[in-house]
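Please open the structure in your viewer and keep the selection tool at hand, as each stop below begins with something to select.

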Amino acid sequence: MADSAQHIDALLAEDRIFNPPPGLVENSNVMAWMRDHDIQTVEELYERAKNPNWFWPEVARDLVTWYRPHDKLLEWDRPFAKWFVGAEYNIAYDAVDRHAKSWRKNKVAFIYEGEPGDTRKITYGELAIEVNRLANGLRRLGVGKGDRVAIYMPMTPELPIAMLACAKLGAPHAVVFSGFSAAALRDRINDSGAKVVITADGFYRRGRVVNLKTLTDEAVEQAPTVQSVVMYQRLGAAAENVPWHPARDHWWHDLVAGESIECEPEHLDANDMLYLLYTSGTTGKPKGIIHAHGGYAVQTALTLKWVFDIKDEDIWWCAADIGWVTGHSYIVYAPLILGATSVLYEGAPDWPAPDRWWSMIEKYRVTTLYTSPTSIRMFMRQGEKWPQNHDLSSLRLLGSVGEPINPEAWIWYHKYIGGDRCPIMDTWWQTETGAHCITPLPVTPLKPGSGTRPFPGIQATVLDDDGNLSPTNTGGNLVIQTPWPSMLRGIYGDPGRFQEQYWSKYAVEYLAGDVTRIDNDGYFWVQGRADDVLKVAGHRLGNSEVESALVSHAQVAEAAVIGKPHEIKGESIVAYVVLNNGIEPSDELRSALRDHVAHEIGGIARPDEVWFVNDVPKTRSGKIMRRIVRSKAVGEPVGDISTLANPEAVEELDRAR
Ligand code: WTA
């Protein structure tokens with residue numbers, strides 16, 4: 001570790017720019033496209049892409065197959081957009097059927113590895129059969145166009161199969177991360193009004209069994225819209241006491257047993273809903289972000305093709321979880337649309353040893369790896385001896401997503417995983433944007449820690465609170481200035497919140513919620529959230545979501561939750577808790593509260609620290625001043641506290657620790 005630390009300091013001191021290898025540039029997909037379009041320079045590409053009416057239909061031409069082409073590219077009735085208006089489309093056709101009818105029929109779509117080491121390879125032809133049988137089975141359960149289906153599954157190939165089967169029927173899916181609790185699942189089912197839940201008996205995580213069906217049943221008990229539960233058998237005999245409700249439950253294998261291997265996709269409107277994905281905002285209630293088939297397909301596929309330069313011979317590994325947007329876009333939809341071969345891994349990165357990933361890269365000759373800064377920092381701490389024991393020479397490109405990557409982690413990743421030869425694509429985007437929006441291309445000179453510039457066709461900048469451009473090198477609000485094809489289409493059931501959250505601060509632009517600065521070269525540096533949203537190990541959580549979970553405990557009166565910088569996870573969760581009258585603080589209660597939050601939301605939300613106080617600082621209107629709580633927790637000056645209703649609460653924060 002000492003060696004690498006010195007090496008990293010030396011590199012950073014040079015303030016250097018990392019130029020991409022000329023061979024990679026020359027052979028890149030984006031350069032090939034430029035040559036085909038007589039575009040001489042990358043600058044010219046960015047310039048020409050500013051005309052959406054030319055750029056998006058032109059790139060869509062060899063990416064997607066419409067049943068019927070669009071009449072009009074964009075209808076923009078701010079904040080509501082329709083892209084490829086008039087087009088008929090189904091993303092499942094492009095992701096599966098098209099390839100199953102081509103030479104790719106026998107090409108591997110997924111190389112799957114379970115945590116215990118079981119492996120399967122699934123070709124596009126086989127994928128089509130599995131998707132079709134499940135789609136037919138779901139149809140028999142009464143699922144049709146517009147019906148919502150909740151999916152709560154481990155990272156086995158059946159998860160993408162379930163999503164694609166829903167897409168095929170035009171039934172929006174709402175995937176819930178398998179690390180979320182029963183209560184979180186219940187709330188998402190109820191908000192989406194899902195008719196069917198697809199789940200599994202369980203899965204393996206760090207060598208242990210997680211009994212998913214038990215959690216599903218707990219959720220469904222309070223989810224009156226659910227008529228059927230479909231259960232994939234992942235564990236079989238290893239599962240413990242799988243609960244069973246004969247009138248409602250169906251084994252996946254029984255459901256599909258007699259079904260036809262053919263299923264014609266619904267011919268949908270390109271703007272029909274593809275999925276809902278719940279993400280955290282600034283209130284206690286997660287928002288169901290809506291994505292539509294057509295525009296989403298175009299931008300996710302294009303960004304994967306250009307940013308990660310995916311070609312038929314690549315082995316792509318997006319090591320995210322499908323329960324988050326990164327997995328939706330870059331494990332499921334984009335790679336399948338491109339007909340790529342992907343690695344899919346069920347388990348923990350450091351199980352049974354810290355070189356699990358490196359051994360898989362070596363074994364499958366992975367060419368492109370996409371992961372989060374948290375994982376990189378974790379691997380960095382375990383030391384370079386783990387990757388050094390493996391042949392990682394198949395890698396040619398790397399990626400980072402989910403949080404700002406600190407330059408030290410960037411350099412380590414570049415040297416020890418990328419062998420000093422693989423450019424790192426630091427991609428900025430959100431659940432709401434659907435696909436990369438600020439990102440390098442393989443042709444871009446890189447600066448460690450910067451996502452460089454907006455993708456061709458995306459107009460983004462940084463504004464101050466009054467809507468003026470932030471001066472160079474001054475932090476401000478990241479905004480997207482014009483609509484983009486994979487943009488969110490709304491918040492499910494809550495158009496008011498959609499307008500309010502993203503489209504009310506500025507008259508024209510979309511407010512991303514991130515503090516960002518632009519440097520002298522026009523490079524963007526995203527620094528972190530501007531609002532009360534936490535990023536813990538790359539997972540998005542609302543401060544108030546964790547506060548509501550705490551307050552739902554019978555002995556808690558109030559709570560203030562903040563994120564504190566953490567060396568590996570990016571942020572750790574710190575909670576200040578006011579107990580009900582007469583309740584005595586204790587270590588038992590402290591750990592009970594941490595467990596309570598994990599039970600309410602999921603293990604990822606378990607607070608790292610819980611402190612007991614008599615009061616938390618508030619404004620006169622009763623709003624908790626998290627800024628002050630945060631300053632105290634990290635030992636910074638609190639600034640002006642004269643507007644507080646209870647300035648004495650500030651001292652309390654010190655006494656508690
Ligand atoms: C953060 C994840 C810096 C950002 C795809 C954003 C990043 C939030 C980056 C969205 C990056 C994502 N550099 N910050 N490359 N990528 N973020 O919805 O704060 O889980 O607003 O989507 O992650 O998180 P979400």
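Begin by selecting Arg-206, which is found in the loop between strand 9 (203-205) and strand 10 (208-210); strands here are DSSP runs of E with at least two residues, helices are DSSP runs of H or I with at least four, and both are numbered from the N terminus. Phi of Arg-206 is near 50 degrees, a positive value in a residue other than glycine. Most residues other than glycine have a negative phi, and most peptide bonds are trans.

Before going on, note that this is a predicted model, in which local features need pLDDT of at least 70 and side-chain atom pairs count only at pLDDT 80 or more, while totals for chains, interfaces and linings use all residues. Residues are numbered from 1 along each chain as its sequence is written, and side-chain values use heavy atoms, with hydrogens and water left out.

Next, select Arg-78 and Pro-79, which are joined by a cis peptide bond with omega of about 5 degrees. Pro-79 is found in the loop between strand 1 (72-77) and strand 2 (80-85). Then move to Trp-351 and Pro-352, where the peptide bond is cis with omega near 0 degrees; Pro-352 is found in the loop between strand 17 (341-345) and helix 14 (356-364).

Now show helix 7 (residues 124-140) together with helix 8 (residues 158-169), whose axes come within 8 Å and cross at roughly 60 degrees; the axes are lines fitted to C-alpha atoms, for helices over the stretch in contact, and angles run from 0 to 180 degrees between N-to-C directions. That makes helix 7 oblique to helix 8, a word for angles that are not under 35 degrees (roughly parallel), over 145 (roughly antiparallel) or 65 to 115 (roughly perpendicular).

For the last stop, select the ligand, which is surrounded by 17 residues (each with a heavy atom within 4 Å of the molecule), the closest being Asp-426, Thr-431, Asp-514, Arg-529 and Arg-540. Which atom of the ligand lies 2.7 Å from a polar side-chain atom of Asp-426? The atom is a nitrogen, whereas an oxygen atom of the ligand lies 2.5 Å from a polar side-chain atom of Thr-431.

Conventions: Polar contact = N/O pair within 3.5 Å; in protein donor to acceptor, adjacent residues only side chain to side chain.
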